[in-house]
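Q: I would like to learn how to read a model, feature by feature. Where do we begin?

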Amino acid sequence: MITLHNNKVIVADGALLSAEEAAARGLDLEAARKNTLASRILTAHSRADEADTLHRISFDALISHDITFVGIIQTARASGLEEFPLPYCLTNCHNSLCAVGGTINEDDHVFGLSAAKKYGGIFVPTNLAVIHQYAREMLAGCGKMILGSDSHTRYGALGCMGVGEGGPELVKQLLRRTWDIPKPEVVLIWLENAPRPGVGPQDVALAIIGAVFKNGFVKNKVMEFAGPGVKNLSVEYRCGIDVMTTETTCLSSIWQTDERVRDFLALHGRADAYAELRHDAPAAFDSMVKVDLASIEPMIALPFHPSNVYTVAEVCKNARDIFATIEEEAKAKFGKAAAHFSLTSKVTDRGVQVDQGIIAGCAGGSFENVSIAAAIMDGKTTGTGAFSCSLYPASAPVALALVNNGSYARLMAAGTLLKSAFCGPCFGAGDTPAHGALSIRHTTRNFPNREGSKPGNGQLSGVALMDARSIAATAANGGILTPATELDWDKLEYSLDYTFDGGIYEKRCYNGYGRPDKTAELVFGPNITDWPAMSALPEHLALTVVSVITDPVTTTDELIPSGETSSLRSNPLKLSEYALSRRDPEYVGRAKAVQARENARLADPTDGFAALAEACAPLKESNAALYEDIFGAGTLANIGIGSTIFAVKPGDGSAREQAASCQKVLGGWANLAEEYATKRYRSNLINWGMLPFLMEKGLGQTMVPGDVVLVPHVRSAVAANTMTMEAILVHAGKAQPITLSLGELTDDERTIILDGCLINFYRSGN
């Protein structure tokens, strides 16, 4: 059972106290708020003084993978980078296919190695480790903080606060700037008892996500794990829960540490990275999620979101009704693409027939998960039908340990396909299911098209998230959906004794931290290009609406698709051609048409004046003075022309900055939204000089492509820190006053927007 408590709670002497009980003991709640692990670590890493309302964080290390590090380094180069001032690890676990005859090749990897040599970085070659497993094994330490350009940067189970942000935030660290955030609330995740056999970390994680995602209970807050249940979980089990906290939209996570963490770090040759983190003084939390681990059942997150959570038993019992609901949702969301999408067809006399099982990456591919899966499948077979099962270890050292303990032999004998460390199945670049197929995965996400299907092209599959234990139970049952708790766990034999062989990394990884070679040359492939020039914010903006998305949540995978675009991450112009392609195929053409008008304006401020003035003529009838203020000069010299999209709640999911930068490359100046799903997406907009506007609920859903939003004196408003401003919506031949808000902006964020983007901000000497 999971219960939410939306009031203050205090941990004192290992026990829970209410605010009233704490007050009766005379405890100072404000002082106790500073005693949370999160507050202690953030304060230790902040350059701000205590009176500052912001934390200004300097991290201990950075980490990126091969569809983000090229853009980060290119941005930093353009902003004056000379060397990496802190450990920066470049892993190669996303753009790993290197397909013959295409642009998916090793150009990015060659560039990354040359950058590691030139600037003094760490380079992990392809297929040696997925990004977060390498960080767990080689970087994370108790009381430390790591910033990564991947949303699942979570190392809290090792006592290390991991934060996933867009690339520009890493650029700031490379240029010795800080990550500036309001001091966050901290939510206590109180764990009690122990999980039953057959219940794995993904089950616990999905149960928590199902309880807190839709209500925003932990959004932009730090999740702090403590309680008597922690000691009953192995470190890998804790990591499996921790990595999924990203799907709650929390800011970061942290766990109390103990001798198990000490032993884990020592096993990896880093005993000095351990420190005990515990609540040795009363610690006050803003709210609490209480988790009875013993009550958790095998869970499944059905399409199309990790929060769409059921128990596996419930789905097995009521599959037709539950699947029918998902099919209706698919029809409403994807139209024709869902015409032949049928999950109800998977219901047979034997049960729910699954087409594919995947255990992979930072969530599923741990030594413990795979060893237990191998024991479940020992002596069984995945069968000769359509069902297939694939496994990707989290790292080469994990794979070697699985060879040594016999797990790989068991899996191979059962018909499981064994592959190398690769993040592909998690973001749509490997094991893409067939149209209409049902895939169960121990990975991190199941957004539509996240696994590689393309609804815009009529291809749609269903992906469900499950724990490796239940996936293995399903595979051993010929692909019939099966919760692992149905197995006889007394008869399963497996060993979780793990030996880490760090020699694999020593023989292949380049570690040049602290030893930059400034004479080394960067190696550019033909698909690695610089960012195009970007203009400063003009005094007035005329924003043409080019896409309206009314879904409750819009993911970053819908804003810029993953998978097949991986190789284009280093080419802003080519990549931008794919923006919104899976959600609104007309977006790119509309945005380019608006951008052409802006380019003409920049060449000749009178070009296009008459057309824009005519389009905004309804304003002249309703507010002649404002119309004259904007258009009276007879020129567009102070009126920027740009595009904007409206989405109810954009930005759920990946940290990838390209979800915003591609809009900017195509002439985007703003987003309109009722709410932003994550801090990292809003930060990406700001760092690319785009205004993260908020507007009245329901208003944006009445807009249509072609509407114009006039924002008069927007530059003066941002410069004056006026975060709420009046604008005009020209819709259906009428001009309607509307109110736009930017929310809170730091001084640097305001200047970045004024300058037009982070690159311009640094070029101007800031």
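Q: How many aromatic pairs does the structure hold?

A: Rings of Phe, Tyr and Trp (its six-membered ring) pair if their centres lie within 6.5 Å; planes under 30 degrees apart count as stacked, over 60 as edge-to-face and the rest as tilted. Here the structure holds 16 aromatic pairs. One of them joins Phe 304 and Phe 341. That pair is tilted, with 6.0 Å centre to centre and 35° between the planes.

Two notes on the source. This is a predicted model: local features need pLDDT of at least 70, side-chain atom pairs count only at pLDDT 80 or more, and totals for chains, interfaces and linings use all residues. Residues are numbered from 1 along each chain as its sequence is written, and side-chain values use heavy atoms, with hydrogens and water left out.

Q: Which parts does the pair of Phe 304 and Phe 341 tie together?

A: Helices (H or I, at least four residues) and strands (E, at least two) are DSSP runs, numbered from the N terminus. Phe 304 lies in the loop between strands E16 (299-301) and E17 (309-311). Phe 341 lies in the loop between helix H11 (312-334) and strand E18 (356-360). The pair therefore ties together parts that are 37 residues apart in sequence.

Q: Are Phe 304 and Phe 341 buried or exposed?

A: Buried means under 20% relative accessible area, exposed over 50%, partly exposed in between (1.4 Å probe, protein chains only). Both Phe 304 and Phe 341 are buried.

Q: How far apart are the ring centres of Trp 531 and Trp 688?

A: Their centres are 4.4 Å apart, and the planes stand at 50°, so this pair is tilted. Trp 531 sits in the loop between strand E23 (510-511) and E24, and Trp 688 in the loop between H26 and strand E29 (691-695), so the link spans parts 157 residues apart in sequence. Both Trp 531 and Trp 688 are buried.

Q: Which residues do ring pairs link into a cluster?

A: Phe 84, Tyr 88 and Tyr 119.

Q: Which charged end sits over the ring of Phe 217?

A: A charge sits over a ring if NZ of Lys or CZ of Arg is within 6 Å of the ring centre and within 35 degrees of the ring normal. Lys 221 does this at Phe 217, with its charged end 5.8 Å from the ring centre. Lys 117 lies over the face of Tyr 510, at 6.0 Å from the ring centre.

Q: Now sheets. Why is strand E26 largely enclosed by the rest of the structure?

A: Count its buried residues. Nine of the nine residues of E26 (residues 639-647) are buried, so the rest of the structure largely encloses this strand. Both faces are covered. One side holds Ile 639, Ile 641, Ser 643, Ile 645 and Ala 647; the other holds Gly 640, Gly 642, Thr 644 and Phe 646.

Q: Which strands pair with E26 in the parallel sense?

A: Strands of a sheet pair through backbone hydrogen bonds, either parallel or antiparallel. The criterion is that DSSP finds at least two bridges between them. Strand E24 (residues 540-549) runs parallel to E26 and is joined to it by nine bridges. Thr 544 has Ser 643 in E26 as its bridge partner. E26 also pairs with strand E28 (residues 668-673), again in the parallel sense, over five bridges. There, Ala 647 has Ala 673 as its bridge partner.

Q: What order has the open sheet of six strands?

A: E9-E8-E5-E6-E7-E23, with mixed pairing. E9 and E23 are the edge strands, and each pairs on one side only. Within the sheet, E5 (residues 61-64) and E8 (residues 145-148) run parallel, joined by three bridges. Leu 62 stands opposite Leu 147 in E8.

Q: How much space lies in the largest pocket?

A: On a 1 Å grid over the protein atoms alone, a cavity is a set of points where a 1.4 Å probe fits but cannot get out, and a pocket is an open set with protein on both sides within 12 Å along at least five of seven lines; lining residues have an atom within 4 Å of a point. The largest pocket has about 570 Å³ of space. Of its 21 lining residues, Pro 182, Asn 220, Lys 679, Arg 682 and Glu 744 are the closest to the centre. Strand E10 (179-182) and helix H26 (679-687) each supply at least two lining residues.

Q: How many cavities of 30 Å³ or more does the structure hold?

A: Four. The largest cavity has about 240 Å³ of space. Its lining has 25 residues, and the closest to its centre are His 94, Asp 150, Cys 423, Cys 426 and Arg 450. The second largest cavity has a volume of about 90 Å³. Its lining includes Asn 220 and Lys 679.

Notes:
Grid points are joined across faces, edges and corners, and a volume is the space filled by probe spheres set on the points.
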